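User: I have not seen this structure before. Please take me through it one point at a time.

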Amino acid sequence: MKALAGLAACWAGLVAAAWQPPGHARRSVKPQQLRRSSLVQETAAEVEPASGFAYALEIKQASPELSRRLAEVSGEDTLEMLGYAEQLQRSTVYLRPSARRAVRFAVEVAYLSHKNQTRRSGEPFVTHPVAVAAILAETRMDRDTVVSGLLHDTVEDT
């Protein structure tokens, strides 16, 4: 739990004030839109389970709990996480490459942190932080704000 809290806490002090341009209409993002990206063409059987996790080594070193969850990842889980990652990568094209890598790392941490959690509707819980991050990205927030949107429930829910 301490290692997981450490992963989330490294972003806690970095959140910028959320500014929304005047007259900007906020578009809601439906969880169904985040589930599976049209760019992800593989089937679960074709994917090596943890191969899609670009930051697997960093996650294993930082958190024993997330390392355990990473070991339990299936090909289907990997495809689901890649769909969320691709959604946010498209939404954050305005960010520098290093910032986009931080968002990808946060997607992986958020996905593993909320693995096997569901909302009352039956949707995977991770759709909520991904939707929050997508809204923040649509308003062109900075890296730390988007990452905070992804990680805002990791400490209290895991």
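Analyst: Contact here means heavy atoms within 4.5 Å. The model is a predicted one.

User: Which residues does Ala-106 touch, not counting residues up to four places away in sequence?
Analyst: Ala-106 lies in helix H6. Buried means under 20% relative accessible area, so Ala-106, at 1%, counts as buried. Leaving out residues up to four places away in sequence, Ala-106 touches Val-147, Leu-150 and Leu-151.

User: How many helices and strands does the protein chain have?
Analyst: Read from the N terminus on, the elements run α-α-α-α-α-α-α-α-α. The count for the protein chain is 9 helices and 0 strands.

User: What is the mean pLDDT of the protein chain, and where is the pLDDT below 50?
Analyst: The mean pLDDT of the protein chain is 78, and 67% of its residues reach 70 or more. Where pLDDT is low, the predicted coordinates should not be read in detail.

User: Among contacts between residues at least 6 apart in sequence, what percentage join residues at least 24 apart?
Analyst: The protein chain has 158 residues, of which 46% count as buried. For contacts between residues at least 6 apart in sequence, the share that joins residues at least 24 apart is 78%.

User: Which element gives the largest share of the largest nonpolar core?
Analyst: The largest nonpolar core has 34 residues, and those with the most contacts inside it are Phe-53, Leu-88, Val-103, Val-107 and Leu-150. Helices H3 (56-62) and H4 (64-71), together with H5, H6, H7 and H8, each supply at least two residues of this core. The largest share, 10 residues, comes from H6.

User: Are H6 and H8 roughly parallel or roughly antiparallel to each other?
Analyst: From H6, Ala-99, Ala-102, Val-103, Ala-106, Val-107, Val-109 and Ala-110 meet Arg-143, Val-146, Val-147, Leu-150 and Leu-151 of H8. The residues of this contact divide into 11 nonpolar, no polar and 1 charged. The two helices pack at an angle of about 5 degrees, with their axes 9 Å apart. Angles under 35 degrees count as roughly parallel, and H6 and H8 are therefore roughly parallel.

User: How do the residues of the contact of H5 with H7 divide into nonpolar, polar and charged?
Analyst: Helix H5 (residues 75-91) and helix H7 (residues 127-138) pack at an angle of about 10 degrees, with their axes 9 Å apart. That angle makes H5 roughly parallel to H7. Tyr-84, Leu-88 and Ser-91 in H5 meet Thr-127, Val-130, Ala-133, Ala-134 and Ala-137 in H7. The residues of the contact divide into 6 nonpolar, 2 polar and no charged.

User: Which residues does Leu-88 touch, not counting residues up to four places away in sequence?
Analyst: Leu-88 is one of the residues with the most contacts inside the largest nonpolar core. In H5, Leu-88 is also among the residues that meet H7. Not counting residues up to four places away in sequence, Leu-88 touches Val-103, Val-107, Val-130, Ala-133, Ala-134 and Leu-150.

User: How far apart in space are Phe-53 and Thr-78, C-alpha to C-alpha?
Analyst: Phe-53 lies in the loop between helix H2 (31-35) and H3, and at 4% relative accessibility Phe-53 counts as buried. Not counting residues up to four places away in sequence, Phe-53 touches several residues, among them Leu-70, Met-81, Tyr-111 and Thr-78. Phe-53 and Thr-78 are 25 residues apart in sequence, and their C-alpha to C-alpha separation in space is 7.3 Å.

User: Is Lys-115 buried or exposed?
Analyst: Lys-115 is placed in the loop between H6 and H7. Leaving aside neighbours within four places in sequence, Lys-115 is in contact with Arg-69, Glu-72, Val-73 and Asp-77. At 13% relative accessibility, Lys-115 counts as buried.

User: What is phi of Asn-116, and what is phi of Arg-140?
Analyst: Most residues other than glycine have a negative phi. Asn-116 lies in the loop between H6 and H7 and counts as exposed at 67% relative accessibility. Arg-140 is in the loop between H7 and helix H8 (143-151) and is exposed, with a relative accessible area of 57%. Both values are positive: phi of Asn-116 is near 70 degrees, and phi of Arg-140 is near 60 degrees.

Key
Residues are numbered from 1 along each chain as its sequence is written. This is a predicted model: local features need pLDDT of at least 70, side-chain atom pairs count only at pLDDT 80 or more; totals for chains, interfaces and linings use all residues. Side-chain values use heavy atoms; hydrogens and water are left out. Axes are lines fitted to C-alpha atoms, for helices over the stretch in contact, and angles run from 0 to 180 degrees between N-to-C directions. Helices (H or I, at least four residues) and strands (E, at least two) are DSSP runs, numbered from the N terminus. Angles under 35 degrees count as roughly parallel, over 145 as roughly antiparallel, 65 to 115 as roughly perpendicular and the rest as oblique. Ala, Val, Leu, Ile, Met, Phe, Trp, Tyr, Cys and Pro count as nonpolar, Asp, Glu, Lys and Arg as charged, and the others, Gly among them, as polar. Buried means under 20% relative accessible area, exposed over 50%, partly exposed in between (1.4 Å probe, protein chains only). pLDDT is the predictor's confidence in each residue, from 0 to 100. A nonpolar core is a set of buried Ala, Val, Leu, Ile, Met, Phe, Trp, Tyr and Cys residues joined through side-chain atoms within 4.5 Å.
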